[in-house]
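Here is a short report on one protein chain.

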Amino acid sequence: DEFYQADPLRNAYDIVPGVVIRNYFLDLYAARPTVITIPLVFTNGAYRRTDVIKPPGERQYAWAFIGQIPRKPSREAMQAAMLEVGNVKYYTHQTQNWGRFDPVSMNGTQMGAILADAVFCPSPRGWWNKDSFRLIEALEFGCIPIVEDDIETAELVSSDPGAGSHNQPFYFKQVFGEHPPFLIVRTWDQATELVRDLLGNARVLAALHAQCVEWYAAYKARLASKVASLLLE
């Protein structure tokens with residue numbers, strides 16, 4: 001339902017007797033206790049994540065991005081902004097297509113090794129939705145994600161189920177149930193100064209990194225508990 005066009009699916013929610021777990025937050029379902037929205041996640045076993053999360057000072061790259069960039073304006077803006085951060089070591093790997101359809105794609109082990117060694121992971125919106133697999137991939141490996149959200153200019157349009165998440169403010173607050181601690185920008189120009197300032201203050205950066213790691217672990221535990229309790233009712 002990435003494009004919010006699955007009308008038959010919405011009608012099915014009215015007759016499903018149990019719990020519905022879906023991606024892509026839509027305000028239309030916010031009041032339904034048995035409809036749980038979760039961020040996009042990877043398949044089980046896709047990555048070999050170590051239990052040791054390296055602190056920022058031990059990571060090789062200031063930032064890393066793996067994915068498609070050309071013909072995606074938001075990602076082109078992201079790349080330009082991140083390159084303005086300055087004289088820092090970074091990693092980019094541009095793909096040509098999605099997943100297994102891409103001849104130059106990285107496997108989970110390769111990608112995980114890069115993310116585990118990067119401080120920040122810019123996570124621009126997907127083709128349509130603000131969410132992308134990159135957000136949770138970053139959190140899994142202890143990267144600090146940077147996402148974009150129209151937090152000041154958007155209008156909530158719950159009356160229009162066909163409107164995309166680009167019209168829903170505080171999108172990631174809605175998905176996670178609270179304001180997440182990672183970086184949220186309205187435009188990628190804002191990311192340049194944020195990242196530059198944090199890289200220049202090791203104490204503040206370490207505190208933010210620890211906060212993100214702890215928050216994400218707590219979020220996963222809360223989500224597992226919530227789903228288990230609903231399934232057992």
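Ala210 lies in helix 7. Helices (H or I, at least four residues) and strands (E, at least two) are DSSP runs, numbered from the N terminus. With a relative accessible area of 31%, Ala210 is partly exposed. Buried means under 20% relative accessible area, exposed over 50%, and partly exposed in between (1.4 Å probe, protein chains only). Ala210 and Ile53 are 157 residues apart along the chain, and their C-alpha atoms are separated by 9.7 Å.

This is a predicted model, in which local features need pLDDT of at least 70, side-chain atom pairs count only at pLDDT 80 or more, and totals for chains, interfaces and linings use all residues. Residues are numbered from 1 along each chain as its sequence is written, and side-chain values use heavy atoms, with hydrogens and water left out.

**Residues in helices and loops**

Pro56 sits in the loop between strand 2 and strand 3 (61–67). Pro56 is buried, at a relative accessible area of 11%. Not counting residues up to four places away in sequence, Pro56 touches Val119, Leu205, Ala206 and His209. Contact means heavy atoms within 4.5 Å. Leu208 is 152 residues from Pro56 in sequence, yet 9.8 Å away in space, C-alpha to C-alpha.

Asp189 belongs to helix 6 (residues 188–199). Asp189 counts as exposed, at 62% relative accessibility.

Tyr24 is placed in the loop between strand 1 (20–22) and strand 2. Tyr24 is not a glycine, but has a positive phi of about 65 degrees. At 10% relative accessibility, Tyr24 counts as buried. Ser132 is found in the loop between strand 5 (118–122) and helix 4. Ser132 is buried too, with a relative accessible area of 7%. Leaving aside neighbours within four places in sequence, Ser132 is in contact with Leu40, Ser123, Pro124 and Gly126.

The accessibility values are set out below.

| Residue | Relative accessible area | Class |
|---|---|---|
| Ser132 | 7% | buried |
| Tyr24 | 10% | buried |
| Pro56 | 11% | buried |
| Ala210 | 31% | partly exposed |
| Asp189 | 62% | exposed |

Why does helix 4 count as largely enclosed by the rest of the structure? Because 7 of its 8 residues are buried. These are Arg134, Leu135, Ile136, Glu137, Ala138, Leu139 and Glu140. Gly142 follows helix 4 and has a positive phi, near 80 degrees.

The axes of helix 4 (residues 133–140) and helix 7 (residues 202–232) come within 10 Å and cross at roughly 110 degrees. Axes are lines fitted to C-alpha atoms, for helices over the stretch in contact, and angles run from 0 to 180 degrees between N-to-C directions. The two helices, helix 4 and helix 7, are therefore roughly perpendicular to each other. That class covers 65 to 115 degrees; under 35 is roughly parallel, over 145 roughly antiparallel, and the rest oblique.

Which residues make the contact? Helix 4 supplies Ile136, Leu139 and Glu140, and helix 7 supplies Trp215, Tyr216 and Lys220. By class, the contact of helix 4 with helix 7 has 4 nonpolar, no polar and 2 charged residues. Ala, Val, Leu, Ile, Met, Phe, Trp, Tyr, Cys and Pro count as nonpolar, Asp, Glu, Lys and Arg as charged, and the others, Gly among them, as polar.

**The second largest pocket**

The lining of the second largest pocket comprises 17 residues, with Ile36, Thr37, Gln174, Val175 and Lys226 nearest its centre. Of the lining, 11 residues are nonpolar, 3 polar and 3 charged. Strand 2 (35–37), helix 5 (171–176) and helix 7 each supply at least two lining residues. Helix 7 gives the most, with 4 residues. On a 1 Å grid over the protein atoms alone, a pocket is an open set of points where a 1.4 Å probe fits, with protein on both sides within 12 Å along at least five of seven lines; lining residues have an atom within 4 Å of a point.

**The whole chain**

The protein chain has 7 helices and 7 strands. Of its 233 residues, 44% count as buried.
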